[in-house]
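Please read the following points beside the sequence and the structure.

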Amino acid sequence: MGGRLGKPERLLDRDHEWALLNDFLADPAPELRLAIVSGRRRNGKSFLLEALTEAVGGLYLTAVQEEGRVPALHRFTEAIAAHAGVRPGAMRLDDWRDVLTAALEVVNRAPGAPLIVIDELPYLLQHSPEIPGFLQLLYDQSQSGKAPGGRIVLCGSAMSVMSELLSGTKPLRGRAVLDLRLPAFDYRTARTHWGIENPAMALQVDAVLGGAPGYRPLTVGPAPQSEAEFAPWVERTLLDPGRALYSRVEAEYLLREDPRITHRTLYYDVLSAVARGASTPAKVGSMLERSRSAMVAPLEVLESTGYVRKEQDLLKARHPVISVADPVIRFNQLITLPTVDLVERRRGSQVWQSSLPTYHSKILGPHFEETTREWARSFAIDETGLSLGAMGTAEIADPAARTKHEVKLALTPGERPQSPRAAIALIGEAKATVQPRGLKDLERLEHIRVLLTDQGHRPDDAVLALFSLHGFHSDVIDAAGRRRDVLLVDIAALYGDGPVRGLT
């Protein structure tokens, strides 16, 4: 349907997503093709699809949450008429089948690619659940030449609604050639997006806001570049009820996206329990004085929306560890909500100072660990040559010391998690403590490698990796310079600013 489109300069990153959408448009088949684009709110879905529509001269239609069926039909009809160059009011379409058919006919006659984007589809489905059925009908008729061809992209932020479009016996199952889930920026791209020079400061901004690109236009003033600038920035960004990014309002906004979250108090309580360290359904239930079984369904909803993460032990079957995945929600549950009376009396500075221990232990520390895992998955092979397989956390029993060690592991590529004699490629530990890491930390990993061997695994070729937010003592740096099995990654290396030490 045309040549390759160059990605607009205003789009940061998104090379892979742009290529997939290019392939979708370039498919020479004349029949109708469907694509699904979903992702958390503020990840830039509309920004990406608007750029695509503009590049090919397509038709961009977006739903409005507060709009009913008749006003939506009228507004979509007017947009189709405008795209066709017809005067306002000249077209009258009274149902969604006519609207969709007319839209396809118009884009097929207009110059450019026959592309239609329907953004925020879940808002339409609240009053017009028949739309997927009409799309199925048009799709099937198009395959036999009885309906117009073209390309339709359906987009939305309500993850449960978008994922169910292609599930089970739903009308569109088996009919979409693209199911694209747009993630937030990775931590390095987010740093570029915010324009932050200092990698330690970029990590802190990422810890409280994550990589959603839509947050930057909502903040006031430049991003913080130093520790002295960070506290005032947090206070005016996340702890000021008058600001657009006040974390309590933003968290409510995110949770409202999923129609299954009707009793938000329960979900707030569940999120708060997980953020405070309740890592299994039983522990969440105990903290909230509810049964384990009552927690399973809310946790499944929160996992499907991407607000909590469930991680299995890499070496043995046990209850998965649950954690809060969304930085804004984590900040809200741990800092804003417990002090909401003070925050809403404009005491943000007082709240932040009193919350610093919580911030460092429950927000910055866990986020640093998550970032090191992302480095291992996305950047390690290019920057160290390490080829790593499945990654995760494992709990290693130490019978002699009557304790357990929790470490980060990566298996050798091709190894299956929880296999009885797993070959281990990396044994790692990430700490955001203010003290530099030293030789004792390396000796602990060596001890864990011995324990893994005793338990029947194969860690002989494993690299011992230490990740530190505050650097390393000279003793462990000297050891890394002499050994091929030691890897040291500080904050500069994590962001690609400095060298990775070790593996020499």
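1. Contact here means heavy atoms within 4.5 Å. Leaving aside residues up to four places away in sequence, Leu-364 touches Leu-203, Gln-204, Ala-207, Tyr-359 and Leu-469.

2. This is a predicted model, in which local features need pLDDT of at least 70 and side-chain atom pairs count only at pLDDT 80 or more, while totals for chains, interfaces and linings use all residues. Residues are numbered from 1 along each chain as its sequence is written, and side-chain values use heavy atoms, with hydrogens and water left out.

3. Leu-364 belongs to helix α17 (residues 348-378); helices (H or I, at least four residues) and strands (E, at least two) are DSSP runs, numbered from the N terminus. Is Leu-364 buried or exposed? Buried means under 20% relative accessible area, exposed over 50%, and partly exposed in between (1.4 Å probe, protein chains only). Leu-364 is buried because its relative accessibility is 5%.

4. A salt bridge is a side-chain nitrogen of Lys or Arg within 4 Å of a carboxyl oxygen of Asp or Glu. By this rule, the count is 32 salt bridges.

5. One of them joins Arg-373 and Glu-311 (3.7 Å, N to O). Arg-373 lies in helix α17 and Glu-311 in strand β6 (residues 308-311), so the pair ties together parts 62 residues apart in sequence. Both residues, Arg-373 and Glu-311, are buried.

6. Glu-446 forms a salt bridge with Arg-483, their closest N and O atoms being 2.8 Å apart. Glu-446 is partly exposed, at 25% relative accessible area.

7. A network of salt bridges links Glu-429, Arg-437, Asp-441 and Arg-444.
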